[in-house]
Amino acid sequence: MPSTPTHSRRRALAWGAATLAVPGLALAQLGDKPLRIILPLSAGSGADGAIRAISTSLAKALGQPVVIENLPGAGGITGTTQLVRAPKDGSVIGVVSNNHVVNPSVYKNIPFDSIEDITPLTIIGATPFVLVAHPAVPAKNVKELIALAKAKPGVLNYGSSGNGTILHLGAAMFVEQAQLDIKHIPYKGMGPLMNDILGGQVQLGVVAVAPAAAHIKAGTLRALGVSTATRVPSLPDVPTIAEQGLPRYELDGWIAAVAPAGIPKAEVARLVTGFRNALAMPEARDALVAQGYEIRLSTPEVSAAFMRSELARMAQVVKNAHVTMD
């Protein structure tokens, strides 16, 4: 499967907060008029926890209240539809995740263009994934899992948080690159998926590191490989999937702040600087890191280029892995 070369993607993700500096820009004090943040995901999701963790600091940095509105549905399409139709005056923004660039490849009809109908503000951060197995699976690493799956085609299964989700694509990408025959079992969300992996009802899954780490350390889950290009500090002894024989494998769960297309440049600068100043506050940085995120602030231009690149990459993943919706 063709994919963005690892070194290029890592370079694109090397976004320092210094690149966001807007010299001499004074943030407008908008009094009690709130900034409405549309989150096209459910309450309790990783992105929800992340943006709520930094919302107080963001309000302080912007000098205005911040109101977060969850509008889940159709893999994020419902909320994003409302976002792209919102006023183009800087009063409404959204926080989107990987699904924003996955959806065009897995849904037939989307009422907006994932690139043209938004203005990227900044990538906020990214969290790593880990391929895990129930301890009853007789494989201690990726190489052993591949050997096991090839010896018993069609016997193993993996769960995901739902068809077309990034956790589904993460596992499907592994199965496709390793050329395995493993059955997919979709769940409705991360919670049910984790419960059934822990209970042994499903054998494998790609999940976020943060909620899995305690189970891995307790021995109730076995970590086979992390999804990122380099090892994860919280799981230093777990090798990457790439270093275990699948060098093209690389994936993480990113979140980005976006606005409707056509927002004035002055508002783009104000909002971007607000995120930069918010995440310069120790309480916001610590809260985001505690949620399992690496902070990756970027300029609007770098954010736009990254999202276009990920749109193309995920389209290839969906095609090669034959991902279809229910």
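## Close-up views of a predicted model

**View 1. The side chain of T299 reaches the backbone nitrogen of V302, at 3.1 Å.** This counts as a polar contact, meaning a pair of N or O atoms within 3.5 Å, where within protein one must be able to donate a hydrogen and the other to accept it, and residues adjacent in sequence count only if both atoms are side-chain atoms. T299 sits in the loop between strand 10 and helix 11. Helices (H or I, at least four residues) and strands (E, at least two) are DSSP runs, numbered from the N terminus. T299 has a relative accessible area of 14%, so it is buried; buried means under 20%, exposed over 50%, and partly exposed in between, with a 1.4 Å probe and protein chains only.

A word on the model before moving on: it is predicted, so local features need pLDDT of at least 70 and side-chain atom pairs count only at pLDDT 80 or more, while totals for chains, interfaces and linings use all residues. Residues are numbered from 1 along each chain as its sequence is written, and side-chain values use heavy atoms, with hydrogens and water left out.

**View 2. Helix 11 covers residues 300-321.** Its 22 residues should span 32 Å at 1.5 Å a residue, and the end C-alpha atoms are 31 Å apart, which agrees. The expected span is 1.5 Å times one less than the number of residues. Buried residues of helix 11 include P300, F306, M307, E310 and R313. Just after the helix comes H322, with a positive phi of about 55 degrees.

**View 3. Helix 2 (residues 46-62) meets helix 10 (residues 282-290), their axes coming within 8 Å and crossing at roughly 170 degrees.** Axes are lines fitted to C-alpha atoms, for helices over the stretch in contact, and angles run from 0 to 180 degrees between N-to-C directions. The two helices are therefore roughly antiparallel, a label for angles over 145 degrees. On helix 2, the contact (heavy atoms within 4.5 Å) involves A50, A53, I54, S57 and K60, and on helix 10 it involves E283, A284, A287 and L288. These residues divide into six nonpolar, one polar and two charged. Here Ala, Val, Leu, Ile, Met, Phe, Trp, Tyr, Cys and Pro count as nonpolar, Asp, Glu, Lys and Arg as charged, and the others, Gly among them, as polar.

**View 4. Y293 lies in the loop between helix 10 and strand 10 (294-295).** With 8% relative accessibility, Y293 counts as buried. Leaving aside neighbours within four places in sequence, Y293 touches several residues, among them A47, A50, T127, I255 and L288. A polar atom of the Y293 side chain lies 3.4 Å from the backbone oxygen of G46. The C-alpha atoms of Y293 and W254 are 8.5 Å apart, although 39 residues separate them along the chain.

**View 5. H184, in strand 6, makes polar contacts through its side chain with those of S160 at 2.8 Å and N163 at 3.4 Å.** Not counting residues up to four places away in sequence, H184 touches Y158, S160, N163 and H168.

View 6. Most residues other than glycine have a negative phi. At 40% relative accessibility, A74 is partly exposed. Q179 is exposed, at 65% relative accessible area.

Definitions and conventions. Parallel < 35°, antiparallel > 145°, perpendicular 65-115°, else oblique.
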